[in-house]
Amino acid sequence: MVDAADSKLDVEVTDYISEAARPAIFYKVQVSKSESEKWLMEKRFSEFDSLHKVLKKTVSNMPTLPGKTMFKKKGEEDLKRRKTELNDYLQALVVRNDVFSTEEFRSFLQLDEHAPETGTMKPISLGEISELVFGVQCFQFIAERGILFLGISDMNVASRIDSYATNFKFPWEKENNIHVTVGAIEVWRKKSADSWDFEKLWTKSFPCLTGALFWDEELTLLATGLDNGKISCLRVSTELNYMQYDEYCLIEAHTSKVTGVAIEASTGLLFSVSHDKHFKITDVNHQECLSDVSVGMSPLTCLRLDAENKRAFLCNSAGVIFIYDVAVYPAKVLHNVQSTGKSEIRNLDFEFGRNYMFSSGFDGSIGVYELGKPTKERFTKQVANLKGKPKVR
């Protein structure tokens, strides 16, 4: 995508048209690529207003659009003032990447017709897996190995209730591995390095939903957080090209849905968060809980580990991000940040080299944060909030 600031487009409301033969006032909008390449459009105020309303649904901190009036502005001074205000409005929009890349703004200025080189590169589908029986809850792709781990779950509520009822066992009934599948882990492998066709290697089914997964290549350990509060740990054979697995252990870590898991290879520690509002650190080898911290008043929804700096980042359904020091037991909170959207945070990502953190909310908001360096976490703050499609994962 061409950066809005580098697009070299000059946009200006140059004049207005007020004629008795016309039912409304029209404003001339000129867009210039160079001295010889320019195009002119005539826009009614209602078109500016429609654009503003559409952009407000997906873009935060929009500039102010001049207000509507009950009567037509026919006075010379009124029209000049409105022309200036509309020009200022467009100037504020054209330099913003979050606006410049939208379909509505590009259509308003006819950019795809006259300046297609300034457009966003549309994603190209490289491959697709369409044979899944359930919906995807979580995934992890190991690019250098061409291995894709998928956590899938039955998203049909009625079907899920029926399965849970079938899987229910009374205390006096013997435990066995026979159950109706509600969730599963599937492992897929690319057929070749230059192809995006996948083949399924194996499936591990569960009697409950999958909520989160984490693969550690060094320990060859796959941890899967489940809806019943347990964490399944599978040892996957990399020597056999991921074709086989052994059930390493099943950790009864939480009392409610596990929403985030991570493994630190150097210590063999498992980190987990849950809707039960607890953040736990467990020694996988001994299945011993080393730290159990109750975090906030809302269910925890996401976990990311910064193993190098011994920090864990947790999120909850109220849009709060907590930063914990995990070099001590119990883990110690360093700082917390309330996101602007205050919506459930589903995911976190980082650019540690530039000290940025990104969050995605259930409401479609994308938060951008300046991340405090190690020992300076208290300086972490949100610097932008973008709006996208709701119900992201």
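**Entry 1: a working term and the sheets**

I count two strands as paired when DSSP finds at least two bridges between them. With that settled, I opened the model, which is a predicted one.

I started at β22, residues 365-370. This strand is joined to β23 (residues 381-387) by six bridges, and the two run antiparallel. Which residue of β23 stands opposite Gly 367? I looked it up, and the residue is Asn 385.

Then I checked the other partner of β22. Strand β21 (residues 356-361) is linked to β22 by five bridges, again antiparallel. Here Ser 360 has Ile 366 of β22 as its bridge partner. How many residues lie between β21 and β22 in their hairpin? There are three, and Gly 364 in the turn has a positive phi of about 95°.

**Entry 2: a four-stranded open sheet**

My next stop was an open sheet with the strand order β8-β9-β10-β11, paired in antiparallel fashion. Why is one side of β8 left without a neighbour in the sheet? β8 (210-216) stands at an edge, as does β11 (245-252), and each has a single partner strand, so one side of each has no neighbour there.

Zooming in on β8, I found six bridges to β9 (residues 221-226), the two strands running antiparallel. Phe 214 has Ala 223 of β9 opposite it. A reminder to myself while looking at strands like these: in a regular strand, side chains alternate between the two faces of the sheet.

**Entry 3: the largest nonpolar core**

Next I asked which residues have the most contacts inside the largest nonpolar core. They are Phe 48, Phe 105 and Leu 109, in a core of 30 residues. At least two residues each come from β1 (10-17), β2 (26-32), β3 (38-44), α1 (45-56), α2 (76-94), α3 (97-100) and α4 (103-108). The top contributor is α2, with six residues.

Setting aside residues up to four places away in sequence, Phe 48 touches Val 13, Val 29, Lys 43, Leu 65, Leu 86, Tyr 89, Leu 90 and Phe 108.

From there I moved to Leu 90, which sits in helix α2. Is Leu 90 buried or exposed? Its relative accessibility is 0%, so Leu 90 counts as buried. Under the sequence limit of four places, Leu 90 touches Val 11, Val 13, Val 29, Phe 48, Phe 105 and Phe 108. Leu 90 and Phe 48 are 42 residues apart along the chain, yet their C-alpha atoms are separated by 9.3 Å.

**Entry 4: two more residues**

I then picked Arg 106, placed in helix α4. Beyond four places in sequence, Arg 106 is in contact with Phe 100, Ser 101, Leu 111, Asp 112, Ala 115, Pro 116, Thr 118 and Gly 119.

For contrast I turned to Ser 18, in the loop between β1 and β2. Ser 18 has 36% relative accessibility and therefore counts as partly exposed. Apart from neighbours within four places, Ser 18 is in contact with Ile 25 and Leu 79. I also checked Ser 18 against Glu 76: they are 58 residues apart along the chain, with 9.6 Å between their C-alpha atoms.

**Entry 5: rings and charges**

A search of the whole structure for aromatic pairs gave me 12. Phe 141, Trp 196 and Phe 198 form one aromatic cluster.

I looked at charges over rings too. How far is the charged end of Arg 82 from the centre of the Phe 45 ring? The distance is 4.1 Å, with Arg 82 sitting over that ring. Another case is Arg 235, which lies over the face of Tyr 248 at 4.6 Å from the ring centre.

**Entry 6: the whole chain**

Last, I stepped back to the totals. I noted six helices and 23 strands. Of the 393 residues, 45% count as buried. Among contacts with a separation of 6 or more, residues 24 or more positions apart account for 46%.

Note on methods
Residues are numbered from 1 along each chain as its sequence is written. This is a predicted model: local features need pLDDT of at least 70, side-chain atom pairs count only at pLDDT 80 or more; totals for chains, interfaces and linings use all residues. Side-chain values use heavy atoms; hydrogens and water are left out. A nonpolar core is a set of buried Ala, Val, Leu, Ile, Met, Phe, Trp, Tyr and Cys residues joined through side-chain atoms within 4.5 Å. Buried means under 20% relative accessible area, exposed over 50%, partly exposed in between (1.4 Å probe, protein chains only). Contact means heavy atoms within 4.5 Å. Rings of Phe, Tyr and Trp (its six-membered ring) pair if their centres lie within 6.5 Å; planes under 30 degrees apart count as stacked, over 60 as edge-to-face and the rest as tilted. A charge sits over a ring if NZ of Lys or CZ of Arg is within 6 Å of the ring centre and within 35 degrees of the ring normal.
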